[in-house]
Amino acid sequence: MERERRMKPDILDRIVIRMGDITQVEADAVVNAANSTLLGGGGVDGMIHWAAGSGLLEECRAIGWCPTGEARITGAYNLPARHVIHTVGPVYGVDGEDSPRLLASCYENSLALAAENGVRTVSFPAISCGAYGYPVREACRIALDTTLRFLGSHDLPEKVIFVLYSLRDYEAYREYYGEKRVEREEETE
Ligand code: APR
């Protein structure tokens, strides 16, 4: 048991935080910050649809509505991935007190879909942190806490890459990840 624990990579080592454009990042699956129509929009959704090509829109149209907090999986067409996982984040201020729970559901449901589909690496943008107005400092805690909890009880995905488009978002994620590392070191001392 002890040997098994030592051989398993620390869940924090299964998380990567980087800056960049998520449409350029190679991963088995890329998560899209969609809206409930799944028909595309601005922000990262617009860039993913643009880079993937029209086949993605057709597949999304066939799926139809996706409620806030849920996720749906499609092919990735021209993106450097096998799947796109579309999830609909809460609108900060509109979804009110439910926002943290709904945002956590986005991560949880996306990770569950990834695991069910044999995804080894998955990339996430900062869901709800653009047009939907979620403050990144609050959102990144939910993103990382939910992901760490999921990885703690699942072998897949093996790796989760958070791809941040702005320095502000990247720094918020790095800071909270740093806090988690310190907590972890204190636990293992
Ligand atoms: N790669 C990574 N992150 C990106 C990229 C990109 N190419 N483009 C934008 N982002 C970042 C933004 O900086 C923001 O932090 O994605 C985060 C989420 O922002 P939005 O794309 O606006 O997504 P969201 O806040 O969830 O709003 C969803 O926007 O256009 C739509 O159709 C979408 O209506 C939905 C709404």
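Q: Which residues are in contact with tyrosine 173, leaving aside its neighbours within four places in sequence?
A: Ile17, Tyr107, Pro125, Ala126, Val136, Cys140, Ala143, Leu144, Phe162 and Leu164 are in contact with tyrosine 173 once those neighbours are set aside (contact means heavy atoms within 4.5 Å). Keep in mind that this is a predicted model: local features need pLDDT of at least 70, side-chain atom pairs count only at pLDDT 80 or more, and totals for chains, interfaces and linings use all residues. Side-chain values use heavy atoms, with hydrogens and water left out, and residues are numbered from 1 along each chain as its sequence is written.

Q: What makes a set of residues a nonpolar core, and which have the most contacts inside the largest one?
A: The set has to be buried Ala, Val, Leu, Ile, Met, Phe, Trp, Tyr and Cys residues joined through side-chain atoms within 4.5 Å. The largest such core has 37 residues, and Ile15, Tyr107, Val122, Phe124, Phe162 and Tyr173 have the most contacts inside it.

Q: Why is asparagine 32 called buried?
A: Asparagine 32 has 0% relative accessibility, so it counts as buried (under 20% relative accessible area, with exposed over 50% and partly exposed in between, 1.4 Å probe, protein chains only). Asparagine 32 sits in strand β2 (residues 29-34). Beyond residues up to four places away in sequence, asparagine 32 touches Val44, Asp45, Ile48, His49, Val84, Ile85, His86 and Thr87.

Q: Why is methionine 19 called partly exposed?
A: The relative accessible area of methionine 19 is 36%, which makes it partly exposed. You'll find methionine 19 in strand β1 (residues 15-19). Among the residues methionine 19 touches are Val163, Leu164 and Tyr170.

Q: How do you know whether the radius of gyration agrees with a compact globule?
A: The globule rule is 2.2 Å times the number of residues to the power 0.38, and the radius is taken over C-alpha atoms. With 189 residues, a compact globule would come out near 16 Å; the protein has 16 Å, so the two agree. The C-alpha trace spans about 50 × 35 × 25 Å along its principal axes.

Notes
Helix = DSSP H or I, 4+ residues; strand = E, 2+ residues; numbered from the N terminus.
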